[in-house]
Amino acid sequence: MAYVGLLYVGAVLFLNGVMLLGKADPKAIAVFNVFVGGLQVITPTILIVANLSDPATILSASGIYLFGFTYLYVGIGLLGDFDSSGVGWFSLFVAIMALGYSFANFRLLGDSPFGVIWLYWSFLWLLFFLLLGLKIESLTRYTGWVAAIEGWVTGAIPSFLIMTGYWQNPNTIALALVIFGVVVFVALWLITTGVWSLRGFRWGFRAMPTPR
């Protein structure tokens with residue numbers, strides 16, 4: 001059941017990224033945040049109630065609430081035109097807790113791919129904190145791209161592979177996720193900040209801004 005919810009986490013992250021990139025109306029995206037947020041609160045509650053004697057399942061399910069409350073918070077905030085600082089500071093809490101869940105997946109649950117995926121989520125929610133909590137608006141485009149990509153890499157694709165039985169060779173998957181994350185997110189940073197640009201590729205360092 002949790003992996004069904006993960007599929008829609010991928011969808012909502014992708015849509016939120018599209019929204020941050022200015023390609024969709026915030027109120028339209030808000031409705032889907034409420035849908036997925038509700039799902040991500042109901043799902044872990046059912047899993048915990050059904051597995052009260054299984055600490056590992058309770059541990060895994062407890063982390064789902066972090067996403068459920070985030071999406072409900074975002075959806076209601078967008079619909080009500082509320083200030084985003086509350087979501088931003090909650091995102092800092094999520095980013096810190098995600099490090100703990102990453103450790104738990106590596107050391108307690110023996111799930112190295114999701115240990116890496118929780119690091120992805122920690123990074124993204126840190127960006128949400130910087131953008132929404134501290135109002136660093138220059139990060140909007142970068143955060144949008146990271147959210148959209150993570151929607152596929154940490155949500156939709158893993159969920160679909162797990163449900164179809166193709167999620168195999170966990171150490172290889174974990175290593176691939178690490179390499180992909182470092183390469184893609186560093187490259188995105190360079191592109192979105194203008195360090196890399198079409199003009200830069202054409203004209204070399206002469207086209208790059210000079211330090212002051």
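Let's start at Asp111: setting aside neighbours within four places in sequence, Asp111 is in contact with Asn105 and Phe106. Keep in mind as you look around that this is a predicted model. Asp111 sits in the loop between helix 5 and helix 6. From there you can look across to Leu139, which is 28 residues away along the chain; the C-alpha atoms of Asp111 and Leu139 are separated by 31 Å.

Two other loops are worth a stop if you like backbone torsions. Asp81 is not a glycine, yet has a positive phi of about 55°. You'll find Asp81 in the loop between helix 4 (64-80) and helix 5. Is Asp81 buried or exposed? With a relative accessibility of 62%, Asp81 counts as exposed, because the cut-off for that label is over 50%. The place of Asn169 is the loop between helix 7 and helix 8. Its relative accessibility is 55%, so Asn169 counts as exposed.

In general, a pair of packed helices is described by two things, the angle between the axes and the distance between the axes. Here, helix 7 (residues 140-163) and helix 8 (residues 170-192) pack at about 155°, and their axes are 10 Å apart. That angle makes helix 7 roughly antiparallel to helix 8, since anything over 145 degrees gets that label. The crossing of helix 7 past helix 8 is right-handed. Which residues make the contact? Helix 7 brings Arg141, Tyr142, Trp145, Val146, Ile149, Glu150 and Val153, while helix 8 brings Leu177, Phe180, Val184, Phe185, Leu188, Trp189, Ile191 and Thr192.

Now for the rings. With ring centres required to lie within 6.5 Å, the count comes to 18 aromatic pairs. Take Tyr3 and Phe114: their ring centres are 6.5 Å apart and their planes are at 50°, so the pair is tilted. Tyr3 belongs to helix 1 (residues 2-20) and Phe114 to helix 6 (residues 112-133), so this pair ties together parts that lie 111 residues apart in sequence. As for accessibility, Tyr3 is partly exposed, with a relative accessible area of 36%, whereas Phe114, at 8%, counts as buried.

Another pair is Trp89 with Phe129. Their ring centres are 4.8 Å apart and their planes are at 70°, so this pair is edge-to-face. Trp89 lies in helix 5 (residues 85-107) and Phe129 in helix 6, so the pair ties together parts that are 40 residues apart in sequence. Trp89 is partly exposed, with a relative accessible area of 48%, and Phe129, at 8% relative accessibility, counts as buried.

Ring pairs also build a cluster here. Which residues belong to the cluster? Phe67, Tyr71, Tyr101, Trp118, Trp121, Trp125 and Phe128 are linked into it by ring pairs.

How values were computed. Residues are numbered from 1 along each chain as its sequence is written. This is a predicted model: local features need pLDDT of at least 70, side-chain atom pairs count only at pLDDT 80 or more; totals for chains, interfaces and linings use all residues. Side-chain values use heavy atoms; hydrogens and water are left out. Axes are lines fitted to C-alpha atoms, for helices over the stretch in contact, and angles run from 0 to 180 degrees between N-to-C directions. Helices (H or I, at least four residues) and strands (E, at least two) are DSSP runs, numbered from the N terminus. Angles under 35 degrees count as roughly parallel, over 145 as roughly antiparallel, 65 to 115 as roughly perpendicular and the rest as oblique. A crossing is left-handed if the near helix is turned anticlockwise from the far one by less than a right angle, and right-handed if clockwise. Contact means heavy atoms within 4.5 Å. Rings of Phe, Tyr and Trp (its six-membered ring) pair if their centres lie within 6.5 Å; planes under 30 degrees apart count as stacked, over 60 as edge-to-face and the rest as tilted. Buried means under 20% relative accessible area, exposed over 50%, partly exposed in between (1.4 Å probe, protein chains only).
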